[in-house]
Amino acid sequence: MPRPGTSGGGHHSSGGHSSDRVGGGHHVGSSSRRPTGGSSFNRGPSFGGGYHHEPPPPRPPRRGYYGYRRNTYTHSLSGLGTLIACIIIFAIIIFSFFMISNDHSDVTSTINREKIENPVAYDNNCIKDELGYIENQSKLSKNLKNFYNKTGIQPYIYLKSYDESLTSDNQKDEYAQTWYSENIDNEDTFLFVYFEEQNSNEIGYMAYVNGKQVTSVMDSEAIDIFWNYLDRYWTDSSLSTVDVFTKTFDSTAKTIMKKSTTSKDIIKIICIIVGIVIVIGGIIYILRMKFKRDKEKAKETIEILKTPLDKSDDLREDLAEVKKETANIIADAKSADRQVKECEEEITKYTTAAQNALKAGNEDDARTLIAKKQQYESNLVSYKKTQELTHANADKMRQMHDKLVNDIETLEARRDAIKATVASAKAQEHINKIVSDGDKAKSSMESFERYEKKVEKMLDAATAEAELNAHTSAASTLADKYTSNGSDASVEDELAAMKAKLGL
């Protein structure tokens, strides 16, 4: 629901902005009393008035200007150790250079802003000049479109003639708010209003009104930047009124839509660099310590390997001393037990004797016996304290003895494991040497293979010759076969005759 007195037009966006229009006022030159910008963000209604001062003699129609001084920033850095000393010095030099190189007249922005998605197209009819200050309204209107293109905000300039009913800055601010509601039908406009004074030689009061969608860009810092540029260009005699407003809106859009590098940004970068250096230094330190521990461990391993297994002299001597001391303390504990027991027996004995003396009617004897019993009771308290102490010491010595025995066993087991590993390594080295020596025998094997091939070649030649000889004697073999047919026939005849004789 819009506040009373507004038209209620426009629409609401999802961005961060005031539910009411934001406005305020300004007197030229008063920005010298304001910082150029800050991280503050006005999210509520704000009607900030201007400051009054006597300006220097003006040139009509634009009047005097005192300028402003840009705030400077200081910081301190503490040393972080020798590891990053050079980086800190380097960072300080860069930061100092940045601060010196910055022109103190520069206006900077420290906020990242997003261009407004304005649903309304740029309106060229955005100037109302009742004073005749603007030489060429169409040119200025065309120039102001650059502000719209960069910010998404429709600019509007209203130069109002003197109105005797507006006697205070607050009234002028209210008038600007009302004029916006009655004459602008959207919430995406930045309205600038100049109020002429009764004396035309005096600088008029200036006010602005933000539409409801505008405050996310034209925040308090952006407004300060706008006033600073206006102060800078207003009294420049080389500029026309068109140029003053053109340069003011162009410079404002360029500055507020680009986040400048500030001293805080430099400090942030320096902190990141120093942090990286610390991390790298820490990694290097850890690696060095690891290398040192590995070296010490290797040295310890060598010393262990050089120590014979049957000469764990120090630990075994300590064990012997612990055993001896443990035995002595246990003996003391047993002695204390015996003293306590004997004292309790004496107390029992004198208690019984005193009771018997009373039964016999001898109170004096009973009194003497009771006094003696009380002496033993007093001694019993001391004996029990000694008993507790000696038992506690005996328990501690037993624990020490058990720990020492365990340490010796662990050490010997570790030494055996290391020696086994070393033996395995030596065996591997021996195998590697054999493999290396096998390379030397390779040439001998190759010579043998060459000799074997020669022998096989000789065998193949002899076999071939034998086959040739067998082929040449085949003809004589066949001749012998057929020339021996006669003898074979006589054998057959004799065989047939023998069969007939026998009746076969």
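Author: Ala222, Ile225, Phe226, Tyr229, Leu230, Tyr233 and Trp234 in α4 meet Val244, Phe245, Lys247, Thr248, Phe249, Ser251, Thr252, Thr255 and Ile256 in α5. Contact means heavy atoms within 4.5 Å. Helices (H or I, at least four residues) and strands (E, at least two) are DSSP runs, numbered from the N terminus.

The model is predicted: local features need pLDDT of at least 70, side-chain atom pairs count only at pLDDT 80 or more, and totals for chains, interfaces and linings use all residues. Residues are numbered from 1 along each chain as its sequence is written, and side-chain values use heavy atoms, with hydrogens and water left out.

By class, the contact of α4 with α5 divides into 11 nonpolar, 4 polar and 1 charged residues. Nonpolar here covers Ala, Val, Leu, Ile, Met, Phe, Trp, Tyr, Cys and Pro; Asp, Glu, Lys and Arg are charged; the others, Gly among them, are polar.

Now the geometry. Helix α4 spans residues 220-234 and packs on α5 at an angle of about 145°, with the axes 9 Å apart. Axes are lines fitted to C-alpha atoms, for helices over the stretch in contact, and angles run from 0 to 180 degrees between N-to-C directions. The crossing of α4 past α5 is right-handed. A crossing is right-handed if the near helix is turned clockwise from the far one by less than a right angle, and left-handed if anticlockwise.

Helix α5 has another partner. Helix α2 (residues 137-151) packs with α5 (residues 241-256) at an angle of about 5°, again with axes 9 Å apart. So α2 is roughly parallel to α5. Angles under 35 degrees count as roughly parallel, over 145 as roughly antiparallel, 65 to 115 as roughly perpendicular and the rest as oblique. From α2, the contact residues include Leu140, Leu144 and Phe147; from α5, they include Val242, Phe245, Phe249 and Ala253. This contact has 8 nonpolar, 5 polar and 4 charged residues.

Next, the core. A nonpolar core is a set of buried Ala, Val, Leu, Ile, Met, Phe, Trp, Tyr and Cys residues joined through side-chain atoms within 4.5 Å. Buried means under 20% relative accessible area, exposed over 50%, partly exposed in between (1.4 Å probe, protein chains only). The largest core has 52 residues. Leu159, Leu191, Phe192, Met218, Leu230 and Phe245 have the most contacts inside it. Two or more residues each come from α2, β4 (154-160), α3 (169-183), β5 (189-195), β6, α4 and α5. Helix α4 gives the largest share, 9 residues. Leaving aside neighbours within four places in sequence, Leu191 contacts residues including Tyr156, Tyr158, Trp179, Ala207 and Val209.

Strand β6 (residues 205-210) holds Met206. Met206 is buried, at a relative accessible area of 0%. Met206 and His26 lie 4.9 Å apart, C-alpha to C-alpha, though 180 residues separate them in sequence.

Back to α2, which contains Ser141. Ser141 is buried, at 5% relative accessible area. Not counting residues up to four places away in sequence, Ser141 touches Tyr122, Asn124, Asn125, Cys126 and Ile127. Asn125 sits in the loop between α1 (85-101) and β3 (127-129). Asn125 is exposed, with a relative accessible area of 54%.

Finally, the whole protein. There are 10 helices and 6 strands. Of the 504 residues, 32% are buried.
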